[in-house]
Amino acid sequence: MQQTIRINLKRLKTFLTYSKNYLRRNNPLKILKTEIVAGLKDALSINKKRKMIQYKLKYQMHQLNQMEKLIAQNNEHVFLKGNKFNEMR
């Protein structure tokens, strides 16, 4: 009986030691803290990202409009020039 209790206590001690070492290596509180900080940084910088995306979209639309104007100017068909080009698309 005493030997069984001693073995169980030894097993419990090794389990607790492994658990303690695991928690030291992979601290869940540190991981939680870093994830919260990363989430806050994303939430606070979302307005800046939105502005950057709007800028890129406006630039692409500007490029598209320039290409459409060039195509309309260099087209040999007179009826495609000007605003009617958008209707023909």
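Modeller: Here is the salt bridge, followed by the helix beside it and the rest of the chain.

Bear in mind that this is a predicted model. A search of the whole structure turns up one salt bridge, and the partners are Asp-42 and Lys-49, whose side chains meet at 3.6 Å, N to O. That sits inside the 4 Å cut-off for calling such a pair a salt bridge. So is the pair buried, exposed or something in between? Asp-42 comes out partly exposed, at 44% relative accessible area. Lys-49 is partly exposed too, at 43%. Both values land in the band between 20% and 50%, which is why neither residue gets called buried or exposed.

Stepping back, the protein has four helices and zero strands, so the order from the N terminus is simply α-α-α-α. Buried residues account for 6% of the 89 residues. The accessible surface is about 9,000 Å², with 62% of that belonging to carbon and sulfur atoms.

Some of that surface is a nonpolar patch made of Met-1, Ile-5, Leu-9, Leu-12, Phe-15 and Leu-16, with about 680 Å² of accessible area together. Met-1 lies in the segment before H1 and counts as exposed because its relative accessibility is 78%, over the 50% mark. As for the spacing along the sequence, an α-helix has 3.6 residues a turn, so residues three or four places apart point the same way.

Finally, how far does the predictor trust all this? The mean pLDDT of the protein is 86, and 83% of the residues reach 70 or more. Confidence is highest in helix H1 (residues 2-25), at a mean of 93, and lowest in helix H4 (residues 84-88), at 55.

Notes
Residues numbered from 1 in each chain as written. Predicted model: local features only at pLDDT ≥ 70, side-chain atom pairs only at ≥ 80, totals over all residues. Heavy atoms only, no water. Buried < 20%, exposed > 50% of the residue type's maximum accessible area, 1.4 Å probe, protein only. pLDDT = per-residue confidence, 0-100. Helix = DSSP H or I, 4+ residues; strand = E, 2+ residues; numbered from the N terminus. Areas by Shrake-Rupley, 256 points an atom, 1.4 Å probe, with all protein chains shown as cover. Patch = residues over 30% accessible without salt bridge, like charges linked within 9 Å, V, L, I, M, F, W, Y side chains within 5 Å.
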